[in-house]
There are 2 protein chains.
Amino acid sequence: MGLVVQKYGGSSVADAQGIKRVAQRIVATKKAGHDVVVVVSAMGDTTDELTDLAQQVTPLPPPREFDMLLTAGERISMALLAMAIAQLGQVAKSYTGSQAGVLTTSQHGRAKIIDVTPGRIRQALDEGAIAIVAGFQGVSQDTKEITTLGRGGSDTTAVALAASMGADVCEIYTDVDGVFTADPRIVPTARRIPRISYSEMLEMAACGSKILHLRCVEYARRYHIPIHVRSSFSTKIGTWVADPEVVETARRAHVTDTPDPIEEAEMEQPIISGVSHDRTEAKITVVGVPDKVGEAAHIFRTLADAEINIDMIVQNVSGVATGRTDISFSLPRVDGQQAMTSLAKIKDTVGYEQLLYDDRIGKVSLIGAGMRTNPGVAARFFQAISEAGVNIEMISTSEIRVSVVVDEDGVDAAVAAAHHAFDLDATEVEAVVYGGTGR
Amino acid sequence: MGLVVQKYGGSSVADAQGIKRVAQRIVATKKAGHDVVVVVSAMGDTTDELTDLAQQVTPLPPPREFDMLLTAGERISMALLAMAIAQLGQVAKSYTGSQAGVLTTSQHGRAKIIDVTPGRIRQALDEGAIAIVAGFQGVSQDTKEITTLGRGGSDTTAVALAASMGADVCEIYTDVDGVFTADPRIVPTARRIPRISYSEMLEMAACGSKILHLRCVEYARRYHIPIHVRSSFSTKIGTWVADPEVVETARRAHVTDTPDPIEEAEMEQPIISGVSHDRTEAKITVVGVPDKVGEAAHIFRTLADAEINIDMIVQNVSGVATGRTDISFSLPRVDGQQAMTSLAKIKDTVGYEQLLYDDRIGKVSLIGAGMRTNPGVAARFFQAISEAGVNIEMISTSEIRVSVVVDEDGVDAAVAAAHHAFDLDATEVEAVVYGGTGR
């Protein structure tokens, strides 16, 4: 049959009960005839608890040691999960990132996977065992030091392993039933998306959807790995993140729960896949920049040198009388302090008048491959938001996305209005949030 | 200057405060000009908590996975300790047993160290760093699996590392001030022993003293590593476990706190080093064994086949009328059930009459190299115990040890009486038990 990689997040293995439930699910997949590789995160709050311990010792832990500390978390969950599987009569062996051959760059805390050499995992499968691999961690290729991958790391481990082993599907288990057309906490009538293309999912991840990390989706797209996002608390089919031909390949490997091809063919591809939102950005306005060649370049070069990622940029039309203009841009709130400090240093060189900082903003994005060929989508989006009484402060677009920055208090209304305007509402409530721990 | 290996047990690093205190001690040693390698156990109750988690998942965890789980404990403590040292301005790097080159046999849960290849530790020292190594764990030489060393494992890691690196001293930090002439909880006037030979310490460890594990002392003797047992809660000199010439070598390396040579020379070597006791054994009596050649051999071969370690053996003089004899032996209580089951199976073959089991016994041992040349030591020991009103059930002796089995309730009285009879009492109370956690 096929080779299935499954990834379970911290909320799915929050306690002994959760670990046993997940073990049953894994054993069921094995008994269906598949080879199974499991990637697991640290249990529930373990990472927070370890971080707290470190803070008790020092406010500034050395990154190498902080990685060594955090990797204890997956070590615990993976060993317990292997035990729970053994209890059900199957052989399971757990492997650290290093043992599983997850080779990374050497930046502690945000290492990137360079290569995966899964020799020991392959051997475990050949011996009939289920392999359990620690997510979020690896070993640096040059220095042989233990590293962690940063946010979304376990998902990326799973997809990278799936790619290196030629898996037929990478199942990402979480505490919701899949990817929805909007956050169900804001739009209760949000619909589960049965399948979404890599490009659309990338835009969603970039625009605030937390369900899959950007890097993980990029990896999947590059190696044509179908991702199946689903809940570990139910047996429902979730969301397939893949282009149609990739899904077809998975189907031929008899991987369970692939979308029905007839249904898929009959289903009209919607213009819009969903509405994302993001409350993690801030806006900086540089007021009264002299309208001379190179001033904007100077500003953004300064920010680039400080390693600050800019998202959206708006430059006002220069005032004829004053010969000055305002430049606004959005950036991650965590970089706000750093950006303001860097810009303050070039006030005299640039000759701008004032710096304004606003972190009470939110970004709302409309995503859909269909908007390429459907004129008027952006207009309908802006109109819906305006009719909801929300003022648009900034706009940016791509081929398959339109984003606006609005006042933070207007985010919910804007998301709901856009969702409704593009007929995304389900007739009944589909989204359930599972998890005994409330995470 | 010298190379110092320091080992800190779980009670010394029970919380963030303890870790910071230990870090200061390590930095002080480094600042005194020594290279420092630190071996650390898991924090306080971590091992118990992890064991409890495993029990919640399965009553019988696979040994490979149980080792994987437990080794998370030292990973946490060693990373935190390295952070605390960094906080004090020194560079520290933590290493797992595997990274430190601790190569073991492949028996999970009770692996033995085969070799130590401390290339990375040596490199860390060469770079001026303090190396922190996880105790209790290693990697199996043939299968490359993570292993744990079983009871006393961290002490053994420390001594093995000290041996492989040619350290000048191995300091074992604990929550008492050293090795005492008796357990201070039983004999409040017990004296700290300034220096004790490897042979005597081996006998003490074998006779119930918990301060150092047998394997660790054996390792130290084989490689001539002086062990300095002392408290992490005070700066007092503790007990040097080493033969005199080994101490002399350490002194020449300018290792701090070596015993004063003049004091040592002036000090008359006592006949008796101390009194140990052990409440972990049981006694089995095989009643009415036919007095024929090979019957005793059959009994003990059966026990050996069941991998049960016998301690003391007594065979009564055969009754002339009956042609039968009784054989008693002591063994670890944990093996009692298994031994009784094995012996019951050979009842008909051997033709004995009855099996008796008694786990309400205790063993009291007198240890001292001086007894070789002092006749009458055993007689004085037996007399002291008799005068304390305690009945002696079994006796065994070595060149430097006399042990008796008594009723469990008589252990305290026997220890105190023997301690007093050989003038071991201090004039004032020396022993202090430290530790904020009460462990």
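Biologist: Which residue of chain B comes closest to the rotation axis?

Modeller: This is a predicted model, in which local features need pLDDT of at least 70, side-chain atom pairs count only at pLDDT 80 or more, and totals for chains, interfaces and linings use all residues. Residues are numbered from 1 along each chain as its sequence is written, chains are lettered from A and ligands numbered from 1 in the order in which they are written, and side-chain values use heavy atoms, with hydrogens and water left out. Copies are superposed by least squares on the C-alpha atoms of residues with pLDDT of at least 70 in both. At 2.5 Å (C-alpha), the residue of chain B that comes closest to the axis is B:Ala72.

Biologist: What kind of axis relates the two copies?

Modeller: Two copies of a chain are related by a rotation about an axis and a shift along it. Here chain B is superposed on chain A, with an RMSD of 0.1 Å, by a rotation of 180° and a shift of 0.0 Å along the axis. The copies are therefore related as by a two-fold rotation axis.

Biologist: What percentage of the contact residues of chain B recur in chain A?

Modeller: The same surface serves both copies. Contact means heavy atoms within 4.5 Å. Of the contact residues of chain B, the share that recurs in chain A is 100%.

Biologist: Which residue of chain A meets B:Glu145 in a salt bridge?

Modeller: A salt bridge is a side-chain nitrogen of Lys or Arg within 4 Å of a carboxyl oxygen of Asp or Glu. Across the interface of chain B and chain A, two salt bridges are found. With an N to O distance of 3.5 Å, the partner of B:Glu145 is A:Arg120.

Biologist: Why is strand β9 of chain A said to be largely enclosed by the rest of the structure?

Modeller: Strands (E, at least two residues) and helices (H or I, at least four) are DSSP runs numbered from the N terminus; buried means under 20% relative accessible area, exposed over 50%, and partly exposed in between (1.4 Å probe, protein chains only). In a regular strand the side chains alternate between the two faces of the sheet. From β9(A), A:Val169, A:Glu171 and A:Tyr173 point one way and A:Cys170, A:Ile172 and A:Thr174 the other way. Strand β9(A), residues 169-174, is largely enclosed because its buried residues number six of six.

Biologist: Which residue of β11(A) is the bridge partner of A:Glu171?

Modeller: Two strands pair if DSSP finds at least two bridges between them. Strand β9(A) pairs in the parallel sense, over five bridges, with β1(A) (residues 3-8), and A:Val4 stands opposite A:Val169. Strand β9(A) also pairs in the parallel sense, over five bridges, with β11(A) (residues 227-231). There, the bridge partner of A:Glu171 is A:His228.
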